[in-house]
Amino acid sequence: MSDQNSKANDIVERGLRPNVTGQTTRHNGAPVASENISVTAGPQGPNILNDIHLIEKLAHFNRENVPERIPHAKGHGAFGELHVTADVSQYTKAKLFQPGTVTPMGIRFSTVAGEKGSPDTWRDVHGFAMRFYTEDGNYDIVGNNTPIFFIRDGVKFPDFIHSQKRLGRNGLRDADMQWDFWTRTPESAHQVTYLMGDRGTPKTTRHMNGYGSHTFQWVNEAGEAFWVKYHFLSRQGVENFTDAEATEMAGINADHHRQDLYEAIDRGDYPVWDVKVQIMPAADAENYRWNPFDLTKTWSKKDYPRIDVGHFVLNRNPRNHFAQIEQIALDPGNLVPGIGLSPDRMLQARAFAYADQQRYRIGPNYRDLPVNRPINDVNTYSNRGPMAYFFDDEDQPTYSPNRFEKGAGYLDNGEDSSSGQSYGQAADVYVNPDPHGTDLVRAAYVQHPEDDDFIQPGILYREVLDEAAKQRLAENIAGAMEGVSESVEERCYWYWSSVDEDLGQRVKTAFAAKK
């Protein structure tokens, strides 16, 4: 597959600054007199503060890195396409999984415990995180090279990561605290068995399998729900270092995995992974022999054989590692219609924690960076914040509901039309009602006999206010309405007439008197 025909090419080229030759400029576009000699007070004198380019250059340099991720700090990645060659539409309506679909994607491989400069081949679980740029927005699968994990509840995640990091007193890694945590957390045994075996030291990222690890939900066009697990099987085969080989490679080349993937793609040796899923009918979850939402457990392939979906190929290296790999903000909460979460407690915790870490690392507008921006249009009421890269037309409202009907789900009277829907039936599918716990719904308060929005303000107007207070109220309202559009003026009369017909008429009369 050529670079020119690659959908990944469109993603990688986004945000590329045009090549400019000739004299360099400051960030404001003004020409720089010299990149090599700063301004001083005489040939032997000190630098001066009004050498603006010197100050600007050093200040930017001091801030050019963002905080590293706490887990998964060391990483590398590439871009490519997902090709769906089988028909799984009976299980999900998600557009990226429909037969014949080709979807551009990015991927970030990583280690869990080590810092950004740590060796790729230290014994560790390896992150396998993917973003699919779909017609319905970004869909992220943030998994590992193992089908399970150390813990099953997100409340333990900070403790687990702390046990893998460094001691406070000397900054050194410590086997004692690592094993202290594992042996006091027996649910870790399955993952630690994987970690201490061959899969803890993959030879390259091209020669390891990946897994979504969690249980996710698929929903089809009929609204039927299924539980699903993702498997990504390397066509290159699975190859691992021995412990001695991994240790040796850590000393020879700390970036062995990063270099291997980059050079393979650069020479046209594009790695491919087959995409398969295990599907569990929703009704089976209640009595399956293991809790199907427990991240420390797998599903037997005898019980639920893997089903073909297609394959993905990595055929494009990033143009800039920092912009496109360090700042790609992968998030299990990035879901699209037809795909949702599950009662997996680790997954639900990660859906908050990952996005929150990116807000800290990069800023609240991190989704507007080229590598994080979806390929479809974004229509959101979120605005402002540091580094607001995009802004709405000045006539667009920043609130909902509004008269421009920018916000979905509202009726003309301001009532939310999605009220009463099951959570998974709304446009932003997350999870359908679940038999294992309280059903999730998007519902208004339960209505009582007199739960009308206008009954109590009407009582206040008729039974509490005297005649003078009623008139002052109407005139105050009319004064506050100055500057409203004609359409909003009419809604104001409907609003106050719904409280009381007399009040509505008084407001109308008072406002007309001000025109």
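Reader: What does His 321 touch, leaving out residues up to four places away in sequence?

Author: His 321 touches Gly 75, His 76, Arg 258 and Glu 326. Keep in mind that this is a predicted model. A touch here is a contact, with heavy atoms within 4.5 Å.

Reader: What makes His 321 a helix residue, and which helix is it in?

Author: Helix α8 spans residues 321-326, and His 321 is found in that range. A helix needs at least four residues in a DSSP run, so α8, at 321-326, qualifies.

Reader: Is His 321 buried, exposed or partly exposed, and how do you know?

Author: Its relative accessibility is 30%. Buried stops under 20% and exposed starts over 50%, so 30% lands in between and His 321 counts as partly exposed.

Reader: How far is His 321 from Ala 349?

Author: Their C-alpha atoms are separated by 28 Å, and along the chain the two are 28 residues apart.

Reader: Over to Thr 201. Why is Thr 201 called buried?

Author: The relative accessible area of Thr 201 is 3%. The cut-off for buried is under 20%, so Thr 201 is buried. Thr 201 is found in the loop between α5 (189-196) and β5 (210-211), and its contacts include Thr 121, Arg 123 and Asn 240.

Reader: What makes the pairing of the Thr 201 side chain with the backbone oxygen of Phe 241 a polar contact?

Author: A polar atom of that side chain lies 2.7 Å from the backbone oxygen of Phe 241. The limit for a polar contact is 3.5 Å, so 2.7 Å is within it. Phe 241 is also among the residues that Thr 201 touches.

Reader: And what about His 256: buried or exposed?

Author: Buried: the relative accessible area of His 256 is 14%, which is under 20%. His 256 sits in helix α7 (residues 256-266). Among its contacts are Thr 121 and Phe 241, both of which are also touched by Thr 201.

Reader: Why is Asn 144 called buried?

Author: With a relative accessible area of 8%, Asn 144 is under the 20% cut-off and therefore counts as buried. Asn 144 lies in strand β4 (residues 137-144) and touches residues including His 72, Val 125 and Tyr 211.

Reader: What makes the phi of His 72 worth a remark?

Author: Most residues other than glycine have a negative phi. His 72 is not a glycine, yet its phi is positive, at about 65°. His 72 is in the loop between α2 (52-62) and β1 (75-84).

Reader: Which other residue has a positive phi although it is not a glycine?

Author: Arg 384, with a phi of about 65°. Arg 384 lies in the loop between α9 (345-361) and β11 (421-422).

Reader: How do you know whether His 72 and Arg 384 are buried or exposed?

Author: His 72 has 12% relative accessibility, so it counts as buried, being under 20%. Arg 384 reaches 69%, which is over 50%, so Arg 384 is exposed.

Reader: Which domains does the protein have, and how far apart are their centres?

Author: Domain 1 takes in 75-148 + 199-368, and domain 2 is 454-514. Their C-alpha centres lie 58 Å apart.

Technical notes. Residues numbered from 1 in each chain as written. Predicted model: local features only at pLDDT ≥ 70, side-chain atom pairs only at ≥ 80, totals over all residues. Heavy atoms only, no water. Domains from an automatic or database assignment. Helix = DSSP H or I, 4+ residues; strand = E, 2+ residues; numbered from the N terminus. Buried < 20%, exposed > 50% of the residue type's maximum accessible area, 1.4 Å probe, protein only. Polar contact = N/O pair within 3.5 Å; in protein donor to acceptor, adjacent residues only side chain to side chain.
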